[in-house]
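Could you walk me through this structure while I have it open in my viewer? I would like to know what to select at each stop and what I will find there.

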Amino acid sequence: MTGTDIAGLLDLAGIFVFAVSGALAAVRQRLDVVGVVVLAEMTALGGGIVRDLVIGAVPPAAFTSLGYVLVPPAAAALVFFWHPQVARIMPAVLLFDAAGLGLFCATGTLKALEYGLSPLHAALLGVITAIGGGILRDMMSGQIPAVLYDRELYAVPAMLGAAVVAVATAAGLHGAGVIAGAAVLAFVLRVLAMRYRWRAPLPRGVTGPPPPDPRDLRD
Amino acid sequence: MTGTDIAGLLDLAGIFVFAVSGALAAVRQRLDVVGVVVLAEMTALGGGIVRDLVIGAVPPAAFTSLGYVLVPPAAAALVFFWHPQVARIMPAVLLFDAAGLGLFCATGTLKALEYGLSPLHAALLGVITAIGGGILRDMMSGQIPAVLYDRELYAVPAMLGAAVVAVATAAGLHGAGVIAGAAVLAFVLRVLAMRYRWRAPLPRGVTGPPPPDPRDLRD
Amino acid sequence: MTGTDIAGLLDLAGIFVFAVSGALAAVRQRLDVVGVVVLAEMTALGGGIVRDLVIGAVPPAAFTSLGYVLVPPAAAALVFFWHPQVARIMPAVLLFDAAGLGLFCATGTLKALEYGLSPLHAALLGVITAIGGGILRDMMSGQIPAVLYDRELYAVPAMLGAAVVAVATAAGLHGAGVIAGAAVLAFVLRVLAMRYRWRAPLPRGVTGPPPPDPRDLRD
């Protein structure tokens with residue numbers, strides 16, 4: 001396999017695991033089959049669609065690539081029928097999610113740079129690519145986006161990975177090595193943050209809430 | 001009247017009834033006049049705006065057509081003053097809503113095909129056109145989108161109608177007959193689903209919630 | 001300073017105060033540092049991003065201007081460390097917010113006209129520019145958008161300011177005077193509405209809710 005093949009497969013793996021996380025959220029909220037599919041699609045593709053609309057890459061990749069449109073329903077079907085088993089391997093899912101986070105912050109920043117955005121704006125858009133789908137997932141399932149309050153280091157590793165791509169490119173460094181390095185950095189930071197329970201700070205004087213229960217708006 | 005005239009009138013009728021559904025949701029949530037107008041606009045135009053942004057048809061039709069911008073406020077005014085009467089003819093409203101669903105899944109798919117999307121992606125975008133406005137309506141009124149959990153067959157008829165347009169076009173069939181046929185198919189399926197209470201499946205082991213009460217986030 | 005300089009500074013001041021309002025909402029909802037920054041960004045830039053996507057001005061100004069991307073994090077940092085002090089000068093914040101509202105409804109309408117939208121559609125988009133960020137802020141913090149139900153005259157002054165720009169331009173009047181006049185009109189109306197507690201009407205037969213408490217979806 002060439003490097004491009006591997007990058008393409010990693011990309012679809014990231015889409016897949018983000019879709020799994022969306023489908024699992026739908027099951028937790030007791031949504032029906034439509035909810036499972038829609039949340040899988042939104043979580044996996046939402047961040048990239050926003051990025052592509054912003055840089056003017058229309059139609060967005062989600063509406064031109066065959067893999068992008070076929071992988072989320074496959075993930076949705078898996079969760080629909082076997083969600084107890086998927087939930088049992090949650091640590092592995094979280095590991096893949098961290099990989100998706102690392103990958104998408106790096107490739108999102110790169111694509112934005114290729115479309116002429118400044119390094120700063122490209123890094124911002126790389127972060128949006130990585131965390132946007134999860135934000136839409138939570139908003140559509142009636143919850144405040146977890147990334148905004150749960151104090152886990154999730155956006156911060158994405159910011160660092162995006163910053164590495166932006167700074168390296170501004171410094172004249174290009175190529176797969178930069179992308180891979182930034183993705184691995186964000187991935188490792190995310191995994192370490194989970195392992196050692198690193199916490200994002202709260203505003204002065206604010207005491208955090210107890211860990212949230214998944215909450216159902218409907219009853 | 002020519003066929004184009006009729007299509008244009010049907011289109012505005014669909015916009016109107018979607019706007020009525022948005023305005024009624026606003027009344028149910030005890031929103032004020034601004035909420036009634038905004039929800040009428042979002043429900044009627046949201047799906048088409050997303051479709052047009054995705055295919056690069058900017059400004060979206062909602063921002064170039066006079067009818068599109070005048071019809072939702074008219075529907076909002078009707079509901080604002082006479083919502084008890086409108087609620088009383090709810091069965092008729094639901095019938096028109098089914099007609100709007102059928103119409104928009106078919107015309108949304110067609111427009112996406114005309115902008116060069118593949119049949120599969122065009123069908124996906126046709127479904128988004130048909131159900132996107134309702135999803136935005138529910139998200140803005142503080143509820144989980146009904147289409148994601150209420151087990152009514154709403155998205156599924158739209159999927160079938162969109163698929164018919166996509167497959168027929170891929171097979172070389174064009175013209176108003178295909179669009180009309182697909183729209184009628186989705187409409188009839190939706191009406192039958194309401195009549196016979198067909199239900200979308202739930203994920204394995206999930207028992208559905210009791211029918212949701214409209215829920216007010218504010219108190 | 002030239003008129004352009006002043007306009008640019010006013011613009012950044014509007015961005016700043018909208019960002020402060022987003023960051024304060026995040027503190028009220030006990031979000032963490034990521035939530036404070038994201039809500040500051042969304043509130044300040046969301047309306048303009050939607051406007052630019054609709055008119056095809058991509059990348060949106062938020063992704064090309066240095067000030068637009070640096071000012072919201074600065075506002076977020078201010079609120080993160082000194083939110084009790086900021087909350088104490090809330091009347092001043094509301095005054096600046098009214099100024100931002102006036103400014104953005106006027107400049108948003110103007111930009112839409114420059115991109116060829118009809119006066120009616122441009123005014124609609126001007127209102128979206130002014131109130132869109134606040135709607136996104138409330139949706140992301142788990143609340144029904146305040147502008148939809150709280151009966152304060154907030155959208156209505158923006159509508160009038162936008163209408164003045166649209167009508168004046170249609171009548172052949174151009175220039176900074178029109179923009180300034182419309183912005184001041186919307187600002188003054190907004191301040192008077194706060195001062196005299198003018199109320200937007202409710203649908204017939206609907207009694208408004210008690211003033212809402214900020215509500216936390218998480219517990």
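Start by selecting residues 176-193 of chain A: this stretch is 100% helix and 0% strand, and its end C-alpha atoms are 26 Å apart. Keep in mind as you look around that the model is predicted. The unreviewed UniProt entry lists residues 176-193 of chain A as a "transmembrane region", a feature it also places at residues 6-26, 33-50, 62-82 and 122-140.

From that list, pick residues 62-82 of chain A next. Here the span is 81% helix and 0% strand, with 26 Å between the end C-alpha atoms.

Now widen the selection. The unreviewed UniProt entry also carries the feature "domain: Glycine transporter", at residues 9-83 and 95-168 of chain A. Colour these two spans separately. Residues 9-83 of chain A are 81% helix and 0% strand, and the end C-alpha atoms lie 24 Å apart. For residues 95-168 of chain A, the figures are 76% helix, 0% strand and 26 Å between the end C-alpha atoms.

Two packed helices are described by the angle between their axes and the distance between the axes. Show helix α2 (residues 33-55) and helix α5 (residues 119-140) of chain A: their axes come within 7 Å and cross at roughly 140 degrees. To see who makes the contact, display side chains on both helices: from α2(A) the residues include A:Val38, A:Met42, A:Gly46, A:Gly47, A:Gly48 and A:Arg51, and from α5(A) they include A:Ile128, A:Gly132, A:Gly133, A:Gly134 and A:Arg137. By type, the residues of this contact divide into 10 nonpolar, 8 polar and 2 charged.

α4(A) and α5(A) pack at an angle of about 140 degrees, with their axes 7 Å apart. This pair is therefore oblique, and the crossing of α4(A) and α5(A) is right-handed. Among the residues in the contact are A:Leu101, A:Phe104, A:Gly108 and A:Leu113 of α4(A), along with A:Pro119, A:Ala122, A:Gly126 and A:Ile131 of α5(A). Which residue types meet in the contact of α4(A) with α5(A)? The count is 11 nonpolar, 4 polar and no charged.

**Two stops in chain B**

Move to chain B and centre on B:Ser21, in helix α1 (residues 3-28). Is B:Ser21 buried or exposed? At 13% relative accessibility B:Ser21 counts as buried, because the cut-off is under 20%. Beyond residues up to four places away in sequence, B:Ser21 touches B:Thr43 and B:Arg137.

Then jump to B:Glu41, which sits in helix α2 (residues 33-55) of chain B. B:Glu41 is buried too, with a relative accessible area of 14%. With residues up to four places away in sequence left out, B:Glu41 touches B:Gly46, B:Val69, B:Pro72 and B:Pro73. If you draw a C-alpha to C-alpha distance from B:Glu41 to B:Leu125, you get 20 Å for a pair 84 residues apart in sequence.

**Last stop: chain C**

Finish at C:His83, in helix α3 (residues 66-88) of chain C. C:His83 is buried, with a relative accessible area of 12%.

Note on methods: Residues are numbered from 1 along each chain as its sequence is written. Chains are lettered from A and ligands numbered from 1 in the order in which they are written. This is a predicted model: local features need pLDDT of at least 70, side-chain atom pairs count only at pLDDT 80 or more; totals for chains, interfaces and linings use all residues. Side-chain values use heavy atoms; hydrogens and water are left out. Axes are lines fitted to C-alpha atoms, for helices over the stretch in contact, and angles run from 0 to 180 degrees between N-to-C directions. Helices (H or I, at least four residues) and strands (E, at least two) are DSSP runs, numbered from the N terminus. Contact means heavy atoms within 4.5 Å. Ala, Val, Leu, Ile, Met, Phe, Trp, Tyr, Cys and Pro count as nonpolar, Asp, Glu, Lys and Arg as charged, and the others, Gly among them, as polar. Buried means under 20% relative accessible area, exposed over 50%, partly exposed in between (1.4 Å probe, protein chains only). UniProt positions are given in the numbering used here, feature names are shortened, and annotations may be inferred rather than shown by experiment. Angles under 35 degrees count as roughly parallel, over 145 as roughly antiparallel, 65 to 115 as roughly perpendicular and the rest as oblique. A crossing is left-handed if the near helix is turned anticlockwise from the far one by less than a right angle, and right-handed if clockwise.
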